[in-house]
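Here is my note on the model you sent. The points are numbered so that each can be checked separately.

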Amino acid sequence: MGTEAVVVHSGGCHCRRVRWQVEAPVSVVAWICNCSDCSMRGNTHFVVPAARFKLQPGAEEFITTYTFGTHTAKHTFCKVCGITSFYSPRSNPDGVALSVTCVDPGTLEHVEYRKFDGRNWEDFFKHSDISKFSKEMSEPGE
């Protein structure tokens with residue numbers, strides 16, 4: 001998360017029954033994953049520490065979860081409209097992945113897009129820095 005100023009982003013699903021807020025920088029790194037699930041959904045996400053994510057009251061009743069493979073990733077989506085606006089990723093089980101396109105307009109100033117080779121997950125993960133994005137970063141001098 002670095003030293004960049006953090007703001008509160010709001011977002012959620014299409015029908016607006018699942019709403020959330022997240023503390024994250026105005027500039028984020030978003031991952032374009034080609035795993036079987038992400039590629040079919042067109043998912044591009046950024047990752048934050050779980051403590052920075054807050055589901056809004058009442059949203060939980062509209063969420064359902066899909067898992068496959070190792071069942072580490074928890075692919076949550078709205079029971080009504082089917083949109084996955086956030087989920088718990090396999091790469092960062094201590095974090096939350098948020099779909100960039102589900103963030104309300106006005107707070108994200110820049111998105112750096114990186115590719116994640118989810119079809120070759122184990123090999124790619126070993127050489128990727130994605131796991132650091134769910135860790136709290138301390139400010140310089142701390």
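**Notes on the predicted model**

1. E112 and R114 form a salt bridge, with their closest N and O atoms 2.8 Å apart. E112 is partly exposed, at 35% relative accessible area. R114 is also partly exposed, because its value is 24% and the buried class stops under 20%.

2. How many salt bridges does the rule count? The count comes to three. Side chains of opposite charge can pair when their charged atoms come close. The other pairs are R19 with D104 and R41 with D37.

3. R19 and D104 meet through their side chains, at 2.5 Å from N to O. Is R19 buried or exposed? R19 counts as buried, because its relative accessibility is 16% and the limit is under 20%. D104 counts as partly exposed, at 25%.

4. D37 is buried, with a relative accessible area of 13%. R41 is partly exposed, with 31%.

5. Please look at N92. This residue lies in the loop between β8 (86–87) and β9. N92 is buried, with a relative accessible area of 0%. What does its side chain contact? The side chain of N92 makes a polar contact with the side chain of S91, at 2.5 Å.

6. Check the backbone at R16. Its phi is near 70°, a positive value in a residue other than glycine. R16 is found in the loop between β1 (6–12) and β2.

7. The largest pocket holds about 330 Å³ of space. It is lined by 21 residues, and the closest to its centre are C35, F68, A73, R90 and W121. How does the lining divide by residue class? There are 10 nonpolar, nine polar and two charged residues.

8. UniProt, in an unreviewed entry, places "domain: CENP-V/GFA" at residues 9–122. In the model, this span is 7% helix and 43% strand. The C-alpha atoms at the ends of the span lie 31 Å apart.

9. Next, two pairs for checking the fold. S10 has its place in strand β1. S10 and V103 are 93 residues apart along the chain, and their C-alpha atoms are separated by 5.9 Å. S10 is partly exposed, because its relative accessible area is 21% and buried means under 20%. T44 is in strand β4, residues 44–49. The C-alpha atoms of T44 and T101 are separated by 7.8 Å, with the residues 57 apart along the chain. T44 counts as buried, at 17% relative accessibility.

10. Two further pairs complete the distance checks. T76 is placed in strand β7, residues 75–78. T76 counts as buried, at 11% relative accessibility. T76 and F62 are 14 residues apart along the chain, and 9.9 Å separates their C-alpha atoms. Y87 is in strand β8. Y87 is buried, with a relative accessible area of 4%. Y87 and K135 are 48 residues apart in sequence and 16 Å apart in space, C-alpha to C-alpha.

Terms used:
Residues are numbered from 1 along each chain as its sequence is written. This is a predicted model: local features need pLDDT of at least 70, side-chain atom pairs count only at pLDDT 80 or more; totals for chains, interfaces and linings use all residues. Side-chain values use heavy atoms; hydrogens and water are left out. On a 1 Å grid over the protein atoms alone, a cavity is a set of points where a 1.4 Å probe fits but cannot get out, and a pocket is an open set with protein on both sides within 12 Å along at least five of seven lines; lining residues have an atom within 4 Å of a point. Grid points are joined across faces, edges and corners, and a volume is the space filled by probe spheres set on the points. Ala, Val, Leu, Ile, Met, Phe, Trp, Tyr, Cys and Pro count as nonpolar, Asp, Glu, Lys and Arg as charged, and the others, Gly among them, as polar. UniProt positions are given in the numbering used here, feature names are shortened, and annotations may be inferred rather than shown by experiment. Helices (H or I, at least four residues) and strands (E, at least two) are DSSP runs, numbered from the N terminus. A salt bridge is a side-chain nitrogen of Lys or Arg within 4 Å of a carboxyl oxygen of Asp or Glu. Buried means under 20% relative accessible area, exposed over 50%, partly exposed in between (1.4 Å probe, protein chains only). A polar contact is a pair of N or O atoms within 3.5 Å; within protein, one must be able to donate a hydrogen and the other to accept it, and residues adjacent in sequence count only if both atoms are side-chain atoms.
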